[in-house]
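Biologist: Can we go through this one together? I have some questions on how it is put together.

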Amino acid sequence: MAKPAIITVDDDPQVLAAVERDLRQRYAAAHRIIKAASGAEALEALGGLKQRGDTVALIVADQRMPQMTGTEFLLAAAGLFPQARTVLLTAYADTDAAIQAINDVGLDHYLMKPWDPPEERLYPVLDDLLEDWRLNADAPYDGIRVLGTTWSPRTHDTKDFLARNQVPYRFLDIERDAAARTIVESAGAESRLPLVLFPDGTTLMEPERRALADKVGLQTEAKAPFYDVVVVGAGPAGLAAGVYGASEGLRVAMIEREATGGQAGTSSRIENYLGFPKGISGTDLARRAAAQAQRFGAEIITAGEVVGVTVEDPVKVVTLADGSRLSCRALIIATGMTTRTLGVPGYERFAGAGVYYGAAITEAATYKDEPVFVIGGANSAGQGAMMFSRFASHVTMVVRAPTLEERMSQYLVDQIRSTANIEVLVGTEVLGVDGPKRIERITLRTGEETYERPAAAVFIFVGAVPHTDFLRGVIALNDRGFILTGPDLGALGTRVGGWPLERDPYLMETSVPGIFAAGDVRHGVVRRVASAVGQGSVCISFVHEYLATV
Ligand SMILES: Cc1cc2nc3c(=O)[nH]c(=O)nc-3n(C[C@H](O)[C@H](O)[C@H](O)COP(=O)(O)OP(=O)(O)OC[C@H]3O[C@@H](n4cnc5c(N)ncnc54)[C@H](O)[C@@H]3O)c2cc1C
C-alpha cells in the first residue's frame with residue numbers, strides 16, 4: 001500500500017526547496033513527499049494520486065502565488081482530498097487572508113514564513129495535524145475491527161469507548177456486510193456481539209470496558225500504591241489538574257471510568273474555547289490534553305471507577321470498582337455531571353431556541369411579557385421561576401411531585417405563593433413542545449387529563465445529576481448532590497460538614513481537609529470547558545498550600 005502523501009506547493013523555488021527539505025527530514029520514512037511549483041501543477045499531481053486510489057495526509061501551500069493563490073488552490077484541492085489537513089504559508093501581511101481561509105476552506109493552520117528552526121515552529125504543528133489525520137481520516141485500514149449491528153447498545157458502547165479513547169477502529173455492520181456476518185457466525189458470536197478483531201489475530205466477544213482497555217494498550221492499573229495527588233475524573237477539570245500537578249513536580253494519578261474528555265469529549269465542536277478560532281472537537285481537545293498530562297508524567301488509569309473514598313488522616317484512600325485501592329496525600333474530585341434531556345417530542349428541535357437548561361438569564365429579556373414554563377420542583381427551579389416572574393407575563397411551574405414543599409425550601413415556596421404571575425401545576429408532566437418556527441405550545445398531563453397551553457419558552461431544571469454518589473457521608477454536598485467547597489461551607493462556627501481545622505478551607509477545598517473539587521461537580525460554578533480547565537489548574541495551587549501544612 002502506498003504511503004500517504006504530503007504535498008507542498010510554492011512558486012518560489014528557494015522556499016519550495018526549503019520546505020521540501022524540512023518535510024523530507026522528518027516525514028519521508030512514513031510519507032511520500034511531493035512538491036509542485038504552482039497550484040495547477042499541484043492539482044494535476046493530486047488528480048493522479050486520486051486516480052490511483054492513494055491518500056493525501058497534508059497539503060502545505062504558499063498563499064502568494066501568481067495565477068492561483070494558496071487559498072484558491074486549497075479550495076480546489078478540498079474537492080479531491082477533503083480529509084487532508086491543510087497549512088497555508090503566509091507573510092505577515094497575509095494574516096487576514098489566512099483568517100478568511102479558516103472559514104472558506106476550513107484551513108487547519110497558517111504558518112508565518114520563515115519557520116526556522118523547524119523543530120520549534122514547523123514540526124510540532126505538522127506532527128499534530130498528521131496525528132489528527134491518522135486518527136480521523138478514512139485511511140486504508142488494517143487495524144481493529146468491530147463487528148456488530150448498528151442498533152445494538154453493546155456495539156454502540158464498544159464503538160463509543162474506542163472512539164472516545166482515540167483508538168482507531170473500523171465498524172462492520174453484519175446486517176449489511178455478508179463477509180462480516182460469516183466471520184461472526186464462524187466465531188459463534190451471534191448472541192455475544194460485538195465481536196472485536198485485533199490485528200494480532202486475537203478476538204474479544206461482547207467485551208467489558210476493562211478487557212477492551214487492556215487489549216488496546218490503555219493503562220488500567222496504577223503503577224504505584226501511593227501518589228501525591230489522585231484526581232478522580234479526566235474531563236477538562238481533571239485533565240487540567242493532571243497537567244498542572246505533574247508539570248509542577250507532583251506525582252499524579254488520574255482515574256477515569258469512561259474516556260478522557262468527559263462531557264466535553266462528546267461535543268462535536270467546541271467553538272468558544274480560547275485559542276481555537278476554527279473550534280475544536282471534544283475528542284481532539286481530550287487527546288491533546290491527555291498527551292500533555294502524560295508527557296509531564298501523570299498516569300491516566302482508564303476504565304477505572306472510583307466507588308469509595310476513606311480518610312485515614314492525612315492519607316486519603318480511593319477504592320475502585322475492582323476492589324483495588326490507591327492512596328494519596330491530596331485528592332481532587334473532578335467527576336462532573338450528566339445532563340438529562342427531557343426526551344419529549346420537540347425537545348431536540350428547539351434545544352437552545354426556546355428550550356433551555358437552567359436559568360439562562362441571558363434569555364430572560366427575550367421572553368419579556370410572554371408566557372414561560374419552568375420544569376422542575378427543586379430550589380433551583382423555584383429561584384428560576386422567581387427570576388422569570390420579573391420579565392415574563394406569566395410563569396407556570398410544572399412539578400412532577402404532588403406538592404411544591406416536597407423538594408423546595410419553605411421560604412421559596414412562600415415567595416412563589418405570594419407572587420401573582422407564578423402558577424404551580426403539581427403532579428404534572430411535560431409530553432411535548434411544538435410550534436412552526438419557535439415554541440408556541442406545550443402539551444402537559446395532570447393525572448388523566450392531557451391539555452395544551454400557549455408557551456414561548458421552556459426552562460428545564462431537572463437535568464443536572466452530579467457524579468457524587470460515592471462521596472455521600474464523606475464530604476458535604478448540597479441538596480442536589482453538588483460538592484460544597486471553600487466559602488460555600490459557611491462561616492466559622494456555622495460551617496457545614498464538620499470542618500476540623502482552625503484555618504478556613506481553601507477556595508476549592510471540601511469539608512474534609514486535603515480533598516478538593518473542581519469543575520462541574522462543584523456547587524455554584526459556571527459549567528463550561530474553560531471554567532472547568534481554570535478550576536482544575538487553580539486547584540493545584542491550593543493542593544501545594546495544603547501539602548505544605550501536612
Ligand atoms: C454535548 C455537550 C456539549 C458541550 N459543549 C460545550 C461547549 O461548546 N463549550 C463549553 O464551554 N462547554 C460545553 N459543554 C460543557 C462542558 O463540556 C462541561 O462544562 C465540562 O466538560 C465540565 O468538565 P468537568 O471536567 O468538570 O466534568 P466532565 O466533563 O463531566 O468530566 C468528568 C469525568 O469524570 C468521570 N467520572 C465520573 N464519575 C467517576 C468515578 N466515580 N470514577 C472515575 N471517573 C468518574 C466521567 O466519566 C467524566 O469523564 C458541553 C457539554 C456537553 C454534554
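Biologist: How do the axes of helix 10 and helix 11 cross, and within what distance do they come?

Modeller: This is a predicted model, so read the numbers as computed from it. The axes of helix 10 and helix 11, the latter being residues 282-295, cross at roughly 25° and come within 8 Å.

Biologist: Parallel or oblique, then?

Modeller: Angles under 35 degrees count as roughly parallel, so helix 10 and helix 11 are roughly parallel to each other.

Biologist: Which hand does the crossing of helix 10 and helix 11 have?

Modeller: Helix 10 and helix 11 make a left-handed crossing.

Biologist: And helix 1 with helix 6, at what angle do they cross?

Modeller: Roughly 60°, with the axes of helix 1 (residues 13-27) and helix 6 (residues 123-136) coming within 12 Å. Helix 1 and helix 6 are therefore oblique to each other. The crossing of these two, helix 1 and helix 6, is right-handed.

Biologist: Back to helix 10. Which elements each supply at least two residues of the shell around the ligand?

Modeller: Helix 10 (236-247) does, and so do strand 11 (252-256) and helix 16 (529-547).

Biologist: How many residues surround the ligand, and which are the closest?

Modeller: The ligand is surrounded by 33 residues, and the closest are Ala237, Glu256, Gln263, Asn272 and Asp520. Sorted by class, the shell has 13 polar, 13 nonpolar and seven charged residues.

Biologist: What polar backbone atom lies 2.8 Å from an oxygen atom of the ligand?

Modeller: One belonging to Asp520. An oxygen atom of the ligand also lies 3.2 Å from a backbone N or O atom of Pro236. For Arg257, a polar backbone atom is 3.2 Å from a nitrogen atom of the ligand.

Biologist: How much of the ligand does the protein bury?

Modeller: The protein buries 86% of the 1,000 Å² that the ligand exposes when taken alone.

Biologist: Changing topic to the backbone. Is the peptide bond from Asp116 to Pro117 cis or trans?

Modeller: That bond, from Asp116 to Pro117, is cis, and its omega is near -10°. Pro117 sits in the loop between strand 5 (109-112) and helix 5 (118-121). Asp313 and Pro314 are also joined by a cis peptide bond, with omega about 0°. Pro314 is in the loop between strand 13 (306-312) and strand 14 (315-320).

Biologist: Why point those out?

Modeller: Because most peptide bonds are trans. Likewise, most residues other than glycine have a negative phi.

Biologist: What is phi at Gln166, then?

Modeller: Phi of Gln166 is near 55°, a positive value, and this residue is not a glycine. Gln166 lies in the loop between helix 7 (153-164) and strand 7 (169-173).

Key: Residues numbered from 1 in each chain as written. Predicted model: local features only at pLDDT ≥ 70, side-chain atom pairs only at ≥ 80, totals over all residues. Heavy atoms only, no water. Near = heavy atom within 4 Å. Polar contact = N/O pair within 3.5 Å; in protein donor to acceptor, adjacent residues only side chain to side chain. Areas by Shrake-Rupley, 256 points an atom, 1.4 Å probe, with all protein chains shown as cover. Helix = DSSP H or I, 4+ residues; strand = E, 2+ residues; numbered from the N terminus. Nonpolar A, V, L, I, M, F, W, Y, C, P; charged D, E, K, R; others polar. Axes fitted to C-alpha atoms, helices over the stretch in contact; angles between N-to-C directions. Parallel < 35°, antiparallel > 145°, perpendicular 65-115°, else oblique. Left-handed = near helix turned anticlockwise from the far one by under 90°.
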